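Hi,

Here is the structure I said I would pass on.

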Amino acid sequence: MESTGTGPLAAEVTTRADSFQHRFVETNGIRMHVVEAGTGPLVVLLHGFPESWYSWRHQLAALAEAGFRVVAPDQRGYGQTDQPQAIEAYSIFHLVGDVVGLLDALGEERAVVVGHDWGGPVAWHAALFRPDRVRGVVGLSVPFRPRGGQPPLSAWRSTVGESFYQIYFQKPGVAEADLARDVRTTMRTMLYGASGQNPTVPDLIVKPGHGFLGEIAVPEELPDWIGDADIAFYTSEFERTGFAGGLNWYRNIDRNWELTAPWSGARITVPAQYVVGDRDVVYHFRGGGPQLVTNLINHVPVLKQAVVLEGCGHWTQQERPAEVNRLLIEFLHSL
């Protein structure tokens, strides 16, 4: 294992996929691949799109050294975890159920759940649905968003239009073919394009004839936080699995709105932390900016800390591992 420093707060620069313990567990009707490190109170790390457990490679050792049992799964539809065929098998109930079943499989009653990107809504809703099993929650990039008054895709169509990327993702097969055409280019473009090093924050609009990746100019030499081994790992995974599993999460957005009707107006009641980059597309999108953080306290009353990382883009824990590790460990110890 290579490291840029010593101690649990250092940025662990681990690029070997076999540096940690890998195994499979049965949870919620699927076989899930998990990566583990350390002993102590349980911390579950949930990745986003299009990623895998590997997006937490810098956190696993750091949190373990700080005295925690850390588990990073490939979530449903990703990596070595099962990829159900039915689109409706990727609802928020299924995704949170996978986390609860994971705790059961690990023999743990409670955990702190940390989520980045799409892993954020899973973590927030695990805390919302099952506060008896979640003793703390951390969202990276994506904040908790309360249920709106109309189906989300209808709202996007009326405010942004049919070219919004989440609408582009709805038709099975279209985005899959787009992203799988050249997986290495897809991963390089997405990781650089949404990073803090891209001088232009993406607008999330799919322009006709350009596909999801648009016209992002990717330099030959990527930022130092994206190594060749990182690109190779992600490329290998998605060349093997395709992108359908992750895209099916988007195809349940309106279904999730319907399913969560009983929780309208409900608030997160467990201790929470939120971390976002000031160059994250999520931070800049409509209704975002500083107001995004200000609004969060209305829905997460036990928000212990909200941190905006200057110059950081969307890939929070990969772009700023040392800072994220420090913030996570401080939050975990505060519990």
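This is a predicted model: local features need pLDDT of at least 70, side-chain atom pairs count only at pLDDT 80 or more; totals for chains, interfaces and linings use all residues.

Thr 241 sits in helix α8, which covers residues 228–241. The relative accessible area of Thr 241 is 17%, and because the cut-off for buried is under 20%, Thr 241 counts as buried. Setting aside neighbours within four places in sequence, Thr 241 is in contact with Gly 79 and Gln 83.

Now the sheet. Eight strands make up an open sheet with mixed pairing, and their order is β3-β4-β6-β5-β7-β8-β9-β10. At the edges are β3 (21–27) and β10 (303–309), each of which pairs on one side only. From one strand to the next, the twist averages 20 degrees.

Val 43 has Val 70 of β6 as its bridge partner.

Next, the helices that go with those strands. Helix α2 (residues 92–106) lies across β3, β4 (30–37), β5, β6 and β7 (111–116), and it runs at about 110 degrees to β3.

How many residues of helix α3 (residues 119–129) are buried? The count is 11 of its 11 residues, so by the under-20% cut-off the helix is mostly covered. Among the buried ones are Gly 119, Pro 121, Val 122, Trp 124, His 125 and Phe 129. What do the buried residues of α3 pack against? Their partners are the strands β5, β7, β8 (134–140) and β9 (272–277), plus the helices α2 and α9 (244–250).

Is Leu 95 buried or exposed? Its relative accessibility is 1%, so Leu 95 counts as buried. Not counting residues up to four places away in sequence, Leu 95 touches Arg 76, Tyr 90, Val 122 and Trp 249. Of these, Val 122 is one of the buried residues of α3. For a distance to check, take Leu 95 and Pro 121: they are 26 residues apart in sequence, and their C-alpha atoms are 9.6 Å apart in space.

That's what I have for now.

Cheers

How values were computed. Residues are numbered from 1 along each chain as its sequence is written. Side-chain values use heavy atoms; hydrogens and water are left out. Two strands pair if DSSP finds at least two bridges between them. Helices (H or I, at least four residues) and strands (E, at least two) are DSSP runs, numbered from the N terminus. Axes are lines fitted to C-alpha atoms, for helices over the stretch in contact, and angles run from 0 to 180 degrees between N-to-C directions. Contact means heavy atoms within 4.5 Å. Buried means under 20% relative accessible area, exposed over 50%, partly exposed in between (1.4 Å probe, protein chains only).
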